[in-house]
Amino acid sequence: MLSYNYLVFCLVVVCSFISTKAVELTFELPDNARECFYEEIGKNVSATLEFQVVTGGQYDVDVTLESPTKEVLYRQVKQQYDSHRFVAPVAGVYAACFSNEFSTFSHKLVYVDFQVGDEPPLLPGMGEHATVMTQMESSINEVHESLKKVIDYQTHHRLQEAQGRKRAEDLNERVLWWSLLETVVIATIAIGQVVILRNFFSERKPSMMSYNKM
């Protein structure tokens, strides 16, 4: 009986994740470029826009969120990460645009999570009881909320790991080129010193010696 309950719980959790309407992706934003993502949202439906610049330049982008009537609901300038929750004033297609037009040479890697609508209940009829939830429903709800937090933590940790790895690779590349430059400079100085010392101890030509005696 216990294994059957856990099986039902797993199926319910999987179905709830599938039914959730969300767009989650990581895309490359070239320099002097602007990319927009569109999502159809009904009136009075809540939505959340979350983004983070993973790599590139100073890790910042310009972000705007526009309604179907071209009203700007949200705007950020040179922001690294943020999360914005809103309720759609009208039904239609909303545009979330990311701009890197202020950068002339560095492209960015941007993570976007665009969630639309509230998450449906885990079990049919949950939240409609006149009384409190049963112990099983409370346990399922607590586990589900914990799993959501784990997924969010894993996502942000992956983004931080990718960001740290990129910074480490850039630092390693700079150290490599700086070391090569120092090696070339040291070798050039060493060769120059040898040439100068050889000129100091080289014998004079006979014609020059006879000229000095006269």
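**View 1. Asp-60 in the loop between strand E3 and strand E4 of the predicted model.** Strand E3 covers residues 46–55 and strand E4 covers residues 61–66, with Asp-60 located in the loop that joins them. Asp-60 has a relative accessibility of 12% and therefore counts as buried, the cut-off for this class being under 20%. Leaving aside residues up to four places away in sequence, Asp-60 touches Val-53, Lys-78, Gln-79, Gln-80, Asn-100, Phe-102 and Lys-108.

**View 2. The disulfide between Cys-36 and Cys-97.** The structure contains one disulfide. Its sulfur atoms, from Cys-36 and Cys-97, are 2.1 Å apart. The torsion about the S-S bond is about 110 degrees, and the disulfide is therefore right-handed. Because Cys-36 belongs to strand E2 (residues 34–41) and Cys-97 to strand E7 (residues 92–99), the pair ties together parts that are 61 residues apart in sequence.

**View 3. Solvent accessibility of Cys-36 and Cys-97.** Cys-36, at 24% relative accessibility, counts as partly exposed, whereas Cys-97, at 3%, counts as buried. The limit that separates these two classes is 20%.

**View 4. Helix H2, residues 135–201.** Helix H2 is made up of 67 residues. The distance from its first C-alpha to its last is 97 Å, close to the 99 Å expected at 1.5 Å a residue. The buried residues of H2 are Glu-137, Ile-140, His-144, Thr-155, Leu-159, Ala-162 and Gln-163.

Notes:
Residues numbered from 1 in each chain as written. Predicted model: local features only at pLDDT ≥ 70, side-chain atom pairs only at ≥ 80, totals over all residues. Heavy atoms only, no water. Helix = DSSP H or I, 4+ residues; strand = E, 2+ residues; numbered from the N terminus. Buried < 20%, exposed > 50% of the residue type's maximum accessible area, 1.4 Å probe, protein only. Contact = heavy atoms within 4.5 Å. Expected span 1.5 Å × (residues − 1). Disulfide = S-S within 2.5 Å.
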